[in-house]
Amino acid sequence: MAKAHRGAGILDQVGRGRGTCPICKRTGIKLFYEREANEKKVMVCKQCDAALKNGHLQDALKAL
Ligand SMILES: [Zn+2]
């Protein structure tokens, strides 16, 4: 889907697609990236998703 994370399409989501990232604790950030943390799904921000892909922040994810 085009621009699934931008524009009018996110306005009907909970909190307009925004919230507090459980890893970096940024508030009001868009949370569109689903990650496994201790067998549950958490939504993380773009920056944390990228960091996790690169092998960073694994400890922070496990600590959730
Ligand atoms: Zn984050």
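Contact here means heavy atoms within 4.5 Å. By that criterion, and not counting residues up to four places away in sequence, valine 44 touches Cys21, Pro22, Ile23, Lys30, Leu31, Phe32, Tyr33, Arg35 and Asp49. The model is a predicted one, in which local features need pLDDT of at least 70 and side-chain atom pairs count only at pLDDT 80 or more, while totals for chains, interfaces and linings use all residues. Residues are numbered from 1 along each chain as its sequence is written, and side-chain values use heavy atoms, with hydrogens and water left out.

Valine 44 also belongs to the largest nonpolar core, whose 11 residues are Cys21, Ile23, Ile29, Leu31, Ala37, Val42, Val44, Cys45, Cys48, Leu52 and Leu61. A nonpolar core is a set of buried Ala, Val, Leu, Ile, Met, Phe, Trp, Tyr and Cys residues joined through side-chain atoms within 4.5 Å; buried means under 20% relative accessible area, exposed over 50%, and partly exposed in between (1.4 Å probe, protein chains only). Two or more residues of this core come from each of β2 (29-37), β3 (40-45) and α1 (46-53). These elements are DSSP runs numbered from the N terminus, helices being H or I with at least four residues and strands E with at least two.

The zinc ion is coordinated by the SG atoms of Cys21, Cys24, Cys45 and Cys48, at 2.2 to 2.3 Å. Donors are N, O and S atoms within 2.8 Å of the metal (3.2 Å for Na, K and Ca); water is not among the atoms, so sites may look incomplete. For four tetrahedral donors, the ideal angle at a metal is 109.5 degrees. Along the chain the donors follow the spacing C-x2-C-x20-C-x2-C. Cysteine 24, in the loop between β1 (18-19) and β2, and cysteine 48, in helix α1, are 24 residues apart and link distant parts of the chain. Cysteine 24 is partly exposed at 29% relative accessible area, whereas cysteine 48 is buried at 3%.

Helix α1 also holds aspartate 49, which is buried with a relative accessible area of 7%. Its side chain forms a polar contact of 3.1 Å with that of arginine 35. Such a contact is a pair of N or O atoms within 3.5 Å; within protein, one must be able to donate a hydrogen and the other to accept it, and residues adjacent in sequence count only if both atoms are side-chain atoms. Leaving aside neighbours within four places in sequence, aspartate 49 is in contact with Tyr33, Arg35 and Val44.
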